[in-house]
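Open the model in your viewer and keep the selection panel at hand. The tour goes from helix to helix, then to the sheet.

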Amino acid sequence: MATVELRFSALPEHVRTARLVAAAVARRAGVDEAVLDEVRLAVGEACSRAVGLHQIGGISAPVKVLLIEEEKQFSIEVGDEAPHAVAGGGVGAGPGDPDGDAEEDEMGLAVISGLVDDVEVSAGEHGGLIKMTWPTTPPPTILV
């Protein structure tokens, strides 16, 4: 299992770099060429969401992206360190209009869910994680 870890300051200008790196690693891992645009868009949306949560919460920690190549699948995990609301109330995402922030957050998650068939979202008081997975095709066997 090969893993690439990318950490970047929570600034919008770094999201493009994360998209480019994700697409390059996905291509090398064997993700179908027809799906690479979806990978780029989903990673861009997940990273933009994480950047926004960090900026709203005044969090200086970097956004973390893991690109994980396994035998028959390729996964990308985008993690933030922003406190998320937990069941039963509790921690919020930070200052600002909570209804507007929640609505924007839900829209971003809906876009990601529309782009990726296999997506898992987890969140708690110490941060959140979006894990997206795509199937890979093994390289062709060359007989000599």
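Buried here means under 20% relative accessible area, exposed over 50%, and partly exposed in between (1.4 Å probe, protein chains only). This is a predicted model: local features need pLDDT of at least 70, side-chain atom pairs count only at pLDDT 80 or more, and totals for chains, interfaces and linings use all residues. Residues are numbered from 1 along each chain as its sequence is written, and side-chain values use heavy atoms, without hydrogens and water.

Select helix α2, residues 36–57. Helices (H or I, at least four residues) and strands (E, at least two) are DSSP runs, numbered from the N terminus. Buried residues of α2 include L36, V39, V43, C47 and V51. Just after α2, click G58: its phi is positive, about 65°.

Axes are lines fitted to C-alpha atoms, for helices over the stretch in contact; angles run from 0 to 180 degrees between N-to-C directions. Among the contact residues are A22 and A26 of α1, and V43 and C47 of α2. Contact means heavy atoms within 4.5 Å.

Now show the sheet. Its five strands run β1-β2-β3-β5-β4, open and antiparallel. Two strands pair if DSSP finds at least two bridges between them. At the edges sit β1 (2–8) and β4 (118–124). Zoom to β4 and β5 (residues 127–135), joined by seven bridges. D118 has T133 of β5 as its bridge partner.

Finally, show α2 again: α2 lies across β1, β2, β3 and β5, at about 15° to β3.

Technical notes: Expected span 1.5 Å × (residues − 1).
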